[in-house]
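Subject: Structure handover

Hello,

Please find the structure below. Some notes on local features follow it.

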Amino acid sequence: MEETLLQLFPMPIRKLFEEAAGRIRDLREIRIRIDRPVLLYIKNEECYINGLGQLIPDLDKAVSFTREEMEEIISYICKYSPYAYKEQLKQGFLTVAGGHRIGVAGEIVAEEDEIQSIKNIRFLNIRISHEILGVSRPVLPFIYKKGEPSGIRGIYNTMIISPPGIGKTTLLRDLIREISDGNQWSKGQTVGVVDERSEIAGSFLGKPQNAIGMRTDVMDRCPKVRGMMMLIRSMAPRVLAIDELGTIEDVRALKKVIHCGCQVLVTIHGDSLEEIYQKAFLRELLSEESFRRFVVLKKEHVIQIYDEKGRSW
């Protein structure tokens, strides 16, 4: 993983990030803006690098990149063929080897309100891919249904709730892996993933870079609304997973999936179960008790689990 991060940068820029790459377990983001200090977020704390590549707390000696250096970084990431990455770039991000995700911003080229490309890219957000294998273990006993003797136990429709940056996608990814590979509670089963922003599987050239299990199929870079039923029809998963449920259109598509008999795992932004019940676009889904398990993530790795009646364990 350390090497995949360093390989994003051409020499000699690469040398500036060697110390940061050595702390990749704690590194969350690298933000690069032309003629502004390079910002690194390590355990959510902001720091900088100096001209020797040393991590420093002070802004005064922070390194910044010129327009020419930024263009060299973009060209290197795109293997000196930006046209080949045109479709990805116009979505505002690239996913690269190692599952790292690079957000880009600059000048939008549009025709009749349709984005054609982004040029003069002047802002990068490199989000570091993290896997924590086994992080879902405390949750697994609560989401499997009981009393199914076949060896393959279904799961309860489960919603993971947390504010940004607390780890809901990391938890979702590990649940997918466990359900797919099988564990002490159930044999493995087929899982479908609609990975709209390549954050779950971290696919690069269609191949998942993250551990998502041997029985998992991925619809990469596909809008959730379209991808859910596409996967149901094409791959017939027993479990379907999506990240960041956010619109009434998402909910309508999800209801179709549930009515097809497929179990679902979803994540959503929120601070509490009470807040989720106040979201208007979820009202019908929740009133029908479509979800039987709610996993709420808090800071300091606190996990709260509720059933459809709001009762906690």
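A polar contact here is a pair of N or O atoms within 3.5 Å; within protein, one must be able to donate a hydrogen and the other to accept it, and residues adjacent in sequence count only if both atoms are side-chain atoms. The model is predicted, so local features need pLDDT of at least 70 and side-chain atom pairs pLDDT 80 or more, while totals for chains, interfaces and linings use all residues. Numbering starts from 1 along each chain as its sequence is written, and side-chain values use heavy atoms, without hydrogens or water.

Ser272 lies in the loop between β14 (263–269) and α10 (273–277); helices (H or I, at least four residues) and strands (E, at least two) are DSSP runs numbered from the N terminus. The Ser272 side chain reaches the backbone nitrogen of Glu275 at 3.1 Å. Leaving aside residues up to four places away in sequence, Ser272 touches Ile161, Val296 and Lys298 (contact: heavy atoms within 4.5 Å).

In helix α4 (residues 67–77), Met70, Ile73, Ile74 and Ile77 are buried (under 20% relative accessible area, 1.4 Å probe, protein chains only). These residues sit on the same side of α4, because they cover an arc of only 95° around the axis, taken from the directions from the helix axis to the C-beta atoms. The buried residues of α4 pack against α2 (13–16), β1 (27–33), β5 (93–95), β6 (101–111) and β7 (114–127). After α4 comes Lys79, with a positive phi near 55°.

Regards

Definitions and conventions:
Buried < 20%, exposed > 50% of the residue type's maximum accessible area, 1.4 Å probe, protein only.
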